[in-house]
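Biologist: I would like to learn how to read a strand and its surroundings in a model like this one. Could you take me through it step by step?

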Amino acid sequence: MSPAPSPAAAPARPAGHPGPAGPEAGFGVYVHVPFCLTRCSYCDFVTYTGMEGLRRPYAAALLLEAELAVAERLRPDPPVVTSVFVGGGTPTLLPPADLARLLDGLRGLLELAPDAEITVEANPETVDAPVAEGLARAGVTRVSLGAQSFEPGVLAALERPHDAHRIARAVGHLHAAGLRELNLDLIYGCPGEDAGSWTRTLRAALALGPVHLSAYALTIERATKFGRLVAAGRMRPPEDDVLADRYEAACALLGGAGLHHYEVSNWARGPVAASGLPAHASRHNLTYWRRGGYLGLGAGAHEFTGGERRWNVASVPEYLAAVRAGRRPTAGGERLEPAAAAFEHLALGLRTVEGLAPVRARALGVDPAGPAAAELRAAGLLAPGPRLALTEAGMLLHGEVVTRL
Ligand SMILES: C[S@@+](CC[C@H](N)C(=O)[O-])C[C@H]1O[C@@H](n2cnc3c(N)ncnc32)[C@H](O)[C@@H]1O
Ligand code: SF4
């Protein structure tokens with residue numbers, strides 16, 4: 001995952017926040033692995049095809065950067081790490097032994113909570129039995145697998161190099177290795193998709209028994225194949241009405257199957273805590289939504305520490321050169337103005353069913369019992385009760401509700 005607070009139904013990406021949240025927000029480490037076998041037609045993440053020769057040196061450099069980052073950003077009193085997320089790109093293109101060395105190195109540098117969540121993103125075509133076993137041996141506790149769709153026509157349009165059978169096989173290998181804390185990513189609003197094929201994809205995903213599902217609305221990014229096709233008038237972007245229909249279909253089907261819709265684009269199995277969050281919610285992403293701090297390692301990675309957001313160079317050779325010279329490969333940074341920070345805080349906090357406690361909402365300048373909130377409650381967009389939290393109908397209109405408040 002990479003920069004900037006996400007639009008309503010787009011992938012959850014790291015974002016800055018106005019100041020250090022309390023320890024209840026957790027503290028994460030995000031590690032970016034910018035290598036892929038092929039480039040999918042919708043994806044603008046920092047990632048490169050080829051570069052086979054740089055993968056292992058890059059894995060070694062990540063640990064060097066971790067040492068520099070801890071010294072620069074977290075001394076003298078490093079927080080306890082509650083989650084590590086190795087994202088991409090395709091982290092499973094690194095040999096599992098390199099991932100194991102990286103995770104061991106992080107454990108040596110930082111205190112990881114005994115129940116720390118350690119997620120690795122994986123692509124179906126890269127997961128066989130040895131990879132799954134290697135991930136489990138490395139101490140990975142959770143895998144996020146990019147399925148996107150189970151329909152041949154949609155997978156072809158997205159230029160995914162796997163079919164539905166390969167997704168099922170990857171899940172089988174992960175389950176056999178004891179990795180049952182599994183998320184599947186899906187995208188809706190894709191070319192070649194209709195209501196029936198989206199429903200079939202949801203059913204096929206559920207049949208594999210994941211404890212977590214992410215369903216993202218297709219966003220058209222300029223610097224992608226889809227972006228170029230749309231700009232040339234050769235492809236139509238997904239219509240809002242269609243996206244709303246697909247979203248509602250996902251809510252009905254996933255909810256009916258017993259998954260809890262805990263964030264705009266995310267569902268997980270329970271049991272549900274008093275906060276409204278299901279047990280299998282992604283703890284790493286919760287830290288982002290609660291505006292907790294996180295370190296960002298790797299080319300193009302973002303981090304948020306001490307109230308400051310910083311990001312690394314995107315180029316792998318530049319990244320390697322900086323780290324080998326003993327410098328952090330920082331490309332830029334910013335500290336948000338209080339008003340912008342408060343708006344971001346509100347927008348992120350309202351993404352999850354946990355929402356914002358009344359005292360927190362008031363600190364951000366929103367009266368949870370004021371006329372705007374009352375009107376949104378009457379319209380069924382905000383949940384009843386003292387907290388400021390969206391209903392499922394409200395999640396679809398997340399941006400509008402935040403602006404209204
Ligand atoms: C950075 S990708 C890495 C996952 C992994 N490489 C894969 O493709 O399976 C994380 C997720 O973001 C989502 N994503 C990426 N670009 C998107 C876009 N333009 N619109 C909607 N979802 C997108 C996909 O669901 C993808 O699985
Ligand atoms: S969606 Fe995943 S596999 Fe496809 S280009 Fe992006 S990071 Fe790579």
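Biologist: Is strand β8 largely enclosed by the rest of the structure or open, and why?

Modeller: Bear in mind that this is a predicted model. A residue counts as buried when its relative accessible area is under 20%, and 6 of the 6 residues of β8, residues 212-217, are buried, so the strand is largely enclosed by the rest of the structure.

Biologist: Which residues of β8 point one way, and which the other way?

Modeller: In a regular strand the side chains alternate between the two faces of the sheet. Here H212, S214 and Y216 point one way, whereas L213, A215 and A217 point the other way, and all of them are buried.

Biologist: Which strands pair with β8, and in what sense?

Modeller: Strand β7, residues 182-188, pairs with β8 in the parallel sense over 6 bridges, and S214 of β8 is the bridge partner of D185. Strand β10, residues 266-268, runs antiparallel to β8 and is joined to it by 3 bridges; in that pairing, S214 stands opposite N266.

Biologist: What unit do β7, helix α6 and β8 make?

Modeller: Together with helix α6, residues 195-207, the strands β7 and β8 make a β-α-β unit that is right-handed.

Biologist: Turning to the ligand, where does ligand 2 sit, and which residues surround it?

Modeller: Ligand 2 sits in the largest cavity, and the residues that surround it are C36, T38, R39, C40, Y42, C43, G89, N123 and R160. Sorted by class, this shell has 4 nonpolar, 3 polar and 2 charged residues.

Notes. Residues numbered from 1 in each chain as written. Chains lettered and ligands numbered in written order. Predicted model: local features only at pLDDT ≥ 70, side-chain atom pairs only at ≥ 80, totals over all residues. Heavy atoms only, no water. Near = heavy atom within 4 Å. 1 Å grid on protein atoms, 1.4 Å probe; cavity = no way out; pocket = protein on both sides within 12 Å on 5 of 7 lines; lining within 4 Å. Sits in = over half its atoms within 2 Å of the grid points. Nonpolar A, V, L, I, M, F, W, Y, C, P; charged D, E, K, R; others polar. Buried < 20%, exposed > 50% of the residue type's maximum accessible area, 1.4 Å probe, protein only. Helix = DSSP H or I, 4+ residues; strand = E, 2+ residues; numbered from the N terminus. Pairing = 2+ DSSP bridges. Right-handed = clockwise from strand over helix to strand, strands pointing away.
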